[in-house]
Amino acid sequence: MTLRKDKITTNRSMIKRTFLKEGITRSSDLALQNTRDLIEIIKWNHKNGFKLFRMTSDLIPWASEFSLSSMPDYRKISILLNGAGNLAAKYGQRITSHPGPFNVLVSPNERVVNNTIRDLSIHGEIFDLMGLSRTPYNKINIHCNGVYGDKQSAMDRFCKNFERLPESVQTRLTVENDDKASMYSVKDLMYIHERIGIPIVFDYHHHKFCTGDMTEQEALELAMSTWGDIKPVVHYSESRTLEDETAKPQAHSDYIYSKINTYGHDLDIVVEAKAKELTVLNYLSNFSKHKRA
């Protein structure tokens, strides 16, 4: 058995009470352990043929509460992050991230927007420390995450607040379609793309619930058209109702049961399933002719 303390993970964290007690020193120690294991994960990806990796947003616990450079282990962490980025480049691995749903650039609440800018800026800073390209090849992907009674005004706020982001984020930011009919389809998001030029990440599963009166292929190809010369990234998952009839239809299944239809296009595919890398390995064993996602 692998003991928990020996587990390879980049998600070591702590509750708020512990952070208030032990502060940045504990955050720094956990971040150092997480960063060391990031390198091990990149090595594992290479060994197993994975060329695309969504990196955790929790690499540095409570990072929003301090400047990264103030961590006691900042120099060691910076060296390891740079090494991780170099290793990913050597192995041809595309590194991306997907910050959480509390990142809301469309919010009319200034405090929420400021917190969003702070969190996204941390992602950009970490990607810079890794030496990742300032392009959507190394995407930082978010949803709009709200309509607030007026979708048009909300998208205008997204575009306005985008201008407040640092270059490290602006150059990497992408936006994804949603899984509720009242939210944002690929067709809706074209307004944002046309205003500020950021690419659209097509999510197959979400499209089933928010089509914008487009077929899957039409929406996929419209999203693809926003990527220019960079290979598009898409998200793929299936409904948990395939495994549990009582589950919410939007919930993700543990595994993937159908071959992914790329409609003949060359895509990088993020598989969003509960069993994570085991899902991809299982998928490849069932659909061996499909390129590794």
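**Figure 1. Thr 116 in helix 3.** Thr 116 of this predicted model is located in helix 3, where helices (H or I, at least four residues) and strands (E, at least two) are DSSP runs numbered from the N terminus. Residues are numbered from 1 along each chain as its sequence is written, and side-chain values use heavy atoms, with hydrogens and water left out. Local features need pLDDT of at least 70 and side-chain atom pairs count only at pLDDT 80 or more, whereas totals for chains, interfaces and linings use all residues of the predicted model. With a relative accessible area of 0%, Thr 116 is buried; buried means under 20% relative accessible area, exposed over 50%, and partly exposed in between (1.4 Å probe, protein chains only). Apart from neighbours within four places in sequence, Thr 116 makes contact (heavy atoms within 4.5 Å) with Phe 102, Asn 103, Val 104 and Leu 105. Leu 165 lies 49 residues from Thr 116 along the chain, and the two C-alpha atoms are separated by 9.4 Å.

**Figure 2. Helix 4 and its cover.** Helix 4 consists of twelve residues, 151-162. Buried in helix 4 are Ala 154, Met 155, Phe 158, Cys 159, Asn 161 and Phe 162. An α-helix has 3.6 residues a turn, so residues three or four places apart point the same way. The cover over the buried residues of helix 4 includes helix 3 (110-129), strand 3 (140-142), helix 5 (167-170), strand 4 (173-176) and helix 6 (186-196). The charged end of Lys 151 sits over the ring of Tyr 184, 5.5 Å from the ring centre. For such a placement, NZ of Lys or CZ of Arg must be within 6 Å of the ring centre and within 35 degrees of the ring normal.

Figure 3. Ile 77, Ser 78, Leu 81, Ala 84, Gly 85, Leu 87, Ala 88 and Tyr 91 are buried in helix 2. Helix 1 (16-47), strand 2 (94-97) and helix 3 are among the elements that cover these residues.

Figure 4. Trp 62 is in the loop between strand 1 (52-55) and helix 2 (74-91). Its phi is near 60 degrees, a positive value in a residue other than glycine. Trp 62 is partly exposed, because its relative accessibility is 27%. Together with Phe 19 and Phe 66, Trp 62 forms one aromatic cluster.

**Figure 5. Arg 12 before helix 1.** Arg 12 belongs to the segment before helix 1 and counts as buried, at 17% relative accessibility. Beyond residues up to four places away in sequence, Arg 12 touches Lys 7, Leu 30, Gln 33, Asn 34, Asp 37, Asp 58 and Pro 61. One of these, Asn 34, is 22 residues from Arg 12 in sequence, with 6.5 Å between their C-alpha atoms.

Figure 6. Lys 276 lies in the loop between strand 7 (268-271) and helix 9 (277-286). Lys 276 has a phi near 50 degrees, a positive value in a residue other than glycine, and is exposed, with a relative accessible area of 57%. The structure holds six aromatic pairs. In one of them, the rings of Tyr 283 and Phe 287 have centres 4.8 Å apart and planes at 40 degrees, so this pair is tilted. Rings of Phe, Tyr and Trp (its six-membered ring) pair if their centres lie within 6.5 Å; planes under 30 degrees apart are stacked, over 60 edge-to-face, and the rest tilted. Tyr 283 is buried, at 4% relative accessibility.

**Figure 7. The chain around these views.** The protein chain has nine helices and seven strands. Its radius of gyration is 19 Å, close to the 19 Å that the globule rule gives for 293 residues, so the chain is as compact as a globular protein of that length. The radius is taken over C-alpha atoms, and the rule is 2.2 Å times the number of residues to the power 0.38. The C-alpha trace spans about 55 × 45 × 40 Å along its principal axes. Of the 293 residues, 52% are buried.

Conventions. Expected span 1.5 Å × (residues − 1).
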